[in-house]
Amino acid sequence: MVASTIDTAMSNLSVGSSKQDYIDTPFVGKKEQFEQVLDVLDSVGFIPESLIESETKWFYESLGIDDVFFARSSPEDIASHIHALYSCKVQAYSSSNLDGNQPLISYKREAEDHAVFFDTIDSHTSSQRNQFEIAIDDKYVDPSVASGTSYRTEYFSAPLNYKTDAILSGVYEKNKTLHEQFVRLFFVYENRYKHANVSANETDIEKIGDSTFLKIASERTKTLYQEIVKDVIKTTGPVIRHFPIESSEEYRVVIGYRQKTSARYSSALSDLANYYKLQTTRKYVEQFANGVTIISMYVRAKSTKSQVDLSIYQVIKEASLLYCIPHNFFHDRFIQGELSLQESIYAQSAVIFVAHFLNRLGPEYSKLSSLLDPSKSIEHAEVLNSLKKRLRAETYTQDFIKEVFDVRREIVRKLYRQFADVHYIRSSMEKTLSYQRLSQITPVGSEADFEQLLSRECSQNEHHAVVLRALYMFNKSILKTNFYTSTKVALSFRLDPSFLPESEYPERPYGMFFVVGSDFRGFHIRFRDIARGGIRIVKSRSYDAYNVNVRNMFDENYNLANTQQRKNKDIPEGGSKGVILLDPGAAQDRPKACFEKYIDALIDLLLKQHIPGVKDQYVDLYNKPEILFLGPDEGTAHYVDWATLHARDRGAPWWKSFLTGKSPQLGGIPHDEYGMTTLSVRAYVNKIYEKLNIDDSKIRKFQTGGPDGDLGSNEILLSRGENYVGLVDGSGVICDPQGLDKEELLRLAKERKMIEHYDRSKLSAQGYVVLVDDMDITLPSGQIVTSGVAFRNTFHLKLKEQYGVGGVDLFVPCGGRPAAIDTNNVHDFIDEKTGKSVVPYFVEGANLFITQSAKLILEKAGIIIFKDASTNKGGVTSSSLEVLAALAFDDKTFLESMCVDSTGAKPQFYTAYVRDVQKKIVDNAEAEFESLWKLHEDTGKPFTILSDELSVAINKLGDELSNSRELWDDDVEFRNAVLLDSLPPLLLEKVGIENVLSRVPEAYLKAIFATYLASKFVYSRGIDSNPAKFLEFISSTRKQFIKKGLLKY
């Protein structure tokens, strides 16, 4: 009788399995295994003999376990699981007051290479997180790495069928209030790959699959998975497939994605299915040796009343949104059904926005700012800045904003409806479940209606009203978003920057992007339509550091972009900058994945694509073409090739010019290889020597940013006869008042190694090295350094202490955090006896290393200092000319002329063009230096002020000229003459002016035209651009063009 029952069960299960496509053939040894399990249980004697067969049948037949499990398990393992389940049932029977909130069965067993988890859940309960599945994600699925330990998981769920079980029926008899239960079983196995260390681009399923998977999976499943793997490798986000199971009420949902790109995604998918009243009957998570994960979920409707087709549609539609943020701030509300997934993820994005942009300074700050005019007092400016930072840190925190959103979630839902009414494209979703839910929310009307709502709901709590007004502002500022596109990897919002308060951000950006991912947040700010700047990644060593970075993130981004705007005065592109802040924890080790999501989310809003099932149209309130010109910055130099090729794969027509700093094989001009950034910094140093008749061999030099970095290494390589007395880099501090060995420094610079690799035998008796991990180090002077990190972080402030007054002649920062020197510490650079700066010359290579106020204090103390906006523009000049070449060439000629081949051979044009770029960088830097030096002599104003005035004058005139129809449209011959004179002769010779005019976007050509005239006028005529002087300049320029043959008359 037992054998007959098992035969029937095996037959039924095998048919189901083959139709479900996961396994190839039924487990033919199942009957024999069943008998062996009975023998094991009998020999142990734990379960009463009368119950052994029924307990075993219950395990084999009633729990929905597939042949996949039985085929790979030994009779002893199965017997062990049956023992565990039996124990749980006995314990449940002995318990009292079972109410369904605690599982009847809860069991886990973890070994080195496998783990087992069993539990039950009340069929009426849908508002509890599956703690076992979350734990499996956290411990096994998410940490898996293709090159190390990796795990696959199997999940089965079925009705508990307590009526047929002697013990469980007794449990229900004692607890009449218990509802029907589902039993859930999780099996985790360590992967065993046949082929180790396969390429991340390998797609052969036989090479990348786990040995068990390859053994049990059907050919159809292998073929399907191989197709999905190929698609995952070609794209950035999840690849989603679904289809009904033949002769079944189940659907199979298959999702592939890259490992370590979406934490807790597997468990979140179960929550999503549950929200839409779908029962997950089984789930397989396969992790392949090339770093791809594929999840197969089998789902069915929980009740016959459910609209299963609509539920499946929603799961498929929202799986991509869930991938972006698998566990949001309001995930518990989502599980409980109080917020939809769309509402909760919208709310999370809005919390982050509000935390950054809620005007927390208030009218009192504005009043104080008017009384303490920062433009007239350095001290006032710094006090106000410190007060601003403190107010932002101590008022509306992100946790408080989350709490307000949670308490006022019905108002948040109304504002979500307002957001959806603008950005949903309704024709595609009028019958969907999400639209049905949305249509039940009363929308927010006008701003007056919203204020009335706040006065009614928040009359007793103005703080809540302030937070909700900021959320309303978020909605109003969104010009376009990828929130509702079919596939995405992070959420992106193009914002209208007009919401930024002028009191805090006096110069309004032109455009702004806001990006939210599962493990990062990001911004991109630009000050002109045509603008360029680098993308930097910000990491945090601790939670405290992360909280500081969160508070400073947007202001740092704004200031960097604004500095870039001033720096870019010689090139067509205005200033921009992007910042990606990694979340604390695991994200700190995944910068590339976060960068890829950020870039892909930006591209979503730069391209208007309609690819059914992949990319949907979106509502575009901006309604103008947009192109961003990006480049490498801190932490992103190694990722620009990927971004360039990804833009090409996404079909972007501007892919060649999208990023600069790419490899020469893609037409890039590497800044580090050719010293592009350093050339402009060095031009300022050399001009100081020339103007003051200084012998560089007498210079004692200190530098932050070591020989491992671009700017730092090239500064060493180009340093002529200067004597280095100290360096600070990521590894620590090296100091020698007698001078460091120049050959040893050159070696490190060429090898790109940190100062920790310096040969210490080359130090003098006074020299020393202190690394960041060092503690309690005694210096030659007898000073004890208790913390290497603290010593490194503040060493640049201790030049007077370490070298004495006059011990350093030149300070060139080539690395370091913004505001490393401010009014709180600038006096460390001033001799209290004489009031003079202890360092006479300072060239700011690193962006924003010194605050404006600190620079002015130093200039007052007699230092000659040139700021970053003037000195650090070699890289942007190189990048601009790289972009111009990419825009001017067609794809074929670009490949021939600008791309280095696989052997490393450089095209003749490329080599000559790089030399021209280097010369242009030095010429531009020297021209600005001469202008600043003359203005300083004529006016006596500080170089710091003059640098800003020069930048503002060029940018202001450039903006006016780019909008001048008279010069651009009405005088075509003069316009073309300007372009001929401003464009690189080598490029014109190769491409021809006609092709340049037809291929390069008109907005870019206008920017070239305007920038050329503006910079040439200011450098030659000064910062006073009165009409008479400008007309004289245009007349003089015409005469020069006639002499050159560019104009006839």
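Mentor: Let's start with Lys108 and Glu110, which form a salt bridge whose closest N and O atoms are 4.0 Å apart. A salt bridge here is a side-chain nitrogen of Lys or Arg within 4 Å of a carboxyl oxygen of Asp or Glu. Before we go on, remember that this is a predicted model, in which local features need pLDDT of at least 70 and side-chain atom pairs count only at pLDDT 80 or more, while totals for chains, interfaces and linings use all residues. Residues are numbered from 1 along each chain as its sequence is written, and side-chain values use heavy atoms, leaving out hydrogens and water.

Next, look at Asp231 and Arg241, whose side chains meet in a salt bridge at 2.4 Å, N to O. This pair links distant parts of the chain, with Asp231 in helix α10 (residues 219-234) and Arg241 in strand β5 (residues 239-244), 10 residues apart. Those helices (H or I, at least four residues) and strands (E, at least two) are DSSP runs, numbered from the N terminus. Asp231 counts as partly exposed at 21% relative accessibility, and Arg241 is partly exposed at 32%.

Now try Asp948 and Lys867, which meet in a salt bridge of 2.8 Å, N to O. Asp948 sits in helix α37 (residues 943-962) and Lys867 in the loop between β24 (864-866) and α33 (868-871), so the pair links distant parts of the chain, 81 residues apart. Asp948 and Lys867 are both buried.

Salt bridges can also join into groups. Arg536, Glu556, Lys577, Asp633, Glu634 and Arg817 are linked in one such network. A search of the whole structure finds 82 salt bridges.

Where is that count zero? Between domain 1 and domain 2 there are 0 salt bridges. The domain assignment gives domain 1 (95-262 + 271-301), domain 2 (482-662) and domain 3 (875-1044), with bounds that come from an automatic or database assignment. The centres of domain 1 and domain 2, taken over C-alpha atoms, are 35 Å apart. Their contact (heavy atoms within 4.5 Å) takes 6 residues from domain 1 and 10 residues from domain 2. Together the two domains bury about 590 Å², 60% of it on carbon and sulfur atoms; buried area is the accessible area (1.4 Å probe) that two parts lose on being put together, summed over both. On the domain 1 side, Thr236, Lys260 and Thr261 supply 69% of the area buried against domain 2, more than any other three residues.

Let's turn to the nonpolar side chains. In soluble globular proteins, these tend to be buried together. A nonpolar core is a set of buried Ala, Val, Leu, Ile, Met, Phe, Trp, Tyr and Cys residues joined through side-chain atoms within 4.5 Å. The largest one here has 103 residues, and Phe405, Leu471, Phe474 and Phe483 have the most contacts inside it. Helix α14 (residues 341-357) gives the largest share of this core, 11 residues. Domain 1 and domain 2 both give residues to this core, so it lies between them. Not counting residues up to four places away in sequence, Leu471 touches Tyr346, Ala350, Val354, Phe405, Val412 and Leu415. Apart from this core lies another, of 81 residues, with Tyr841, Ala886, Ala977 and Val1018 among them.

Finally, a lysine to compare with those in the pairs above. Lys687 lies in helix α27 (residues 676-692), and it counts as buried because its relative accessibility is 7%. Leaving aside neighbours within four places in sequence, Lys687 is in contact with Glu926, Phe929 and Glu930.

Note on methods: Buried means under 20% relative accessible area, exposed over 50%, partly exposed in between (1.4 Å probe, protein chains only).
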